[in-house]
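Please look through the sequence and the model shown here before reading on, and keep both at hand while you follow the report.

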Amino acid sequence: MFDDVHNIRDEPEVEFHIVVPEYSTYKDLHADQTIPAVTMERLEDFLSACYTNFNPKVADLYKGRYIQYVQTAVHENLVYVTTSVWAEMKKTVSYKVDASLTKDGVVSESQCECAAGQGPAAHCNHVITVLFALVAFCKDGELLTDLT
């Protein structure tokens with residue numbers, strides 16, 4: 001785009017947002033519910049594609065109940081996950097995390113509201129904590145969330 005003196009102006013980048021199903025279709029994730037088998041191998045494959053490795057700190061965030069809730073919805077061939085995760089340094093700030101999974105448990109897209117979490121392949125600690133929680137849920141049938 002040109003301004004009045006024919007200089008090129010920088011246009012702001014459009015922020016990526018996952019297209020998610022209607023909020024009313026989401027349900028709380030609980031023990032009698034099934035989701036695609038998210039495994040540690042699938043999580044590590046996702047991280048590898050993002051040129052990063054699993055940070056053990058994420059397991060501590062999960063065990064520390066930094067995840068407030070987890071809800072899922074099925075739309076077309078994907079399972080959508082939405083949640084809110086407390087900030088690592090300040091448990092008064094939280095970030096909304098969204099991800100979509102294939103029926104095989106492969107992460108299709110992810111995003112987070114934090115500065116590092118822009119999608120479609122966001123891999124900030126908030127996203128990874130949620131994905132690790134899904135691994136634990138698929139393995140144990142339990143989900144550790146904030147007690148409030």
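In which strand is Asp98 found? In this predicted model, Asp98 belongs to strand 4, which covers residues 94–102, and with a relative accessible area of 6% it is buried. The side chain of Asp98 makes a polar contact with the side chain of Thr82 at 2.9 Å, and another with the side chain of Lys96, at 2.9 Å. When neighbours within four places in sequence are left aside, the residues in contact with Asp98 include Ile18, Val20, Glu109 and Gln111.

The whole structure holds three aromatic pairs, and one of them joins Phe54 and Phe132, whose rings are tilted at 35 degrees between the planes and lie 5.5 Å apart, centre to centre. This pair links distant parts of the chain, since Phe54 sits in the loop between helix 1 (40–49) and helix 2 (57–63), whereas Phe132 is in helix 3 (residues 125–140), 78 residues apart. Together with Tyr62, Phe54 and Phe132 form one aromatic cluster.

Cysteines were also examined, and a search of the whole structure finds zero disulfides. The sulfur of Cys124 has its closest cysteine sulfur in Cys114, but the distance is 3.6 Å, and therefore too far for a bond.

The table sets out the accessibility of several residues.

| Residue | Relative accessible area | Class |
|---|---|---|
| Cys124 | 8% | buried |
| Cys138 | 31% | partly exposed |
| Phe54 | 22% | partly exposed |
| Phe132 | 14% | buried |

Key
Residues are numbered from 1 along each chain as its sequence is written. This is a predicted model: local features need pLDDT of at least 70, side-chain atom pairs count only at pLDDT 80 or more; totals for chains, interfaces and linings use all residues. Side-chain values use heavy atoms; hydrogens and water are left out. A disulfide is a pair of cysteine sulfur atoms within 2.5 Å. Buried means under 20% relative accessible area, exposed over 50%, partly exposed in between (1.4 Å probe, protein chains only). Helices (H or I, at least four residues) and strands (E, at least two) are DSSP runs, numbered from the N terminus. A polar contact is a pair of N or O atoms within 3.5 Å; within protein, one must be able to donate a hydrogen and the other to accept it, and residues adjacent in sequence count only if both atoms are side-chain atoms. Contact means heavy atoms within 4.5 Å. Rings of Phe, Tyr and Trp (its six-membered ring) pair if their centres lie within 6.5 Å; planes under 30 degrees apart count as stacked, over 60 as edge-to-face and the rest as tilted.
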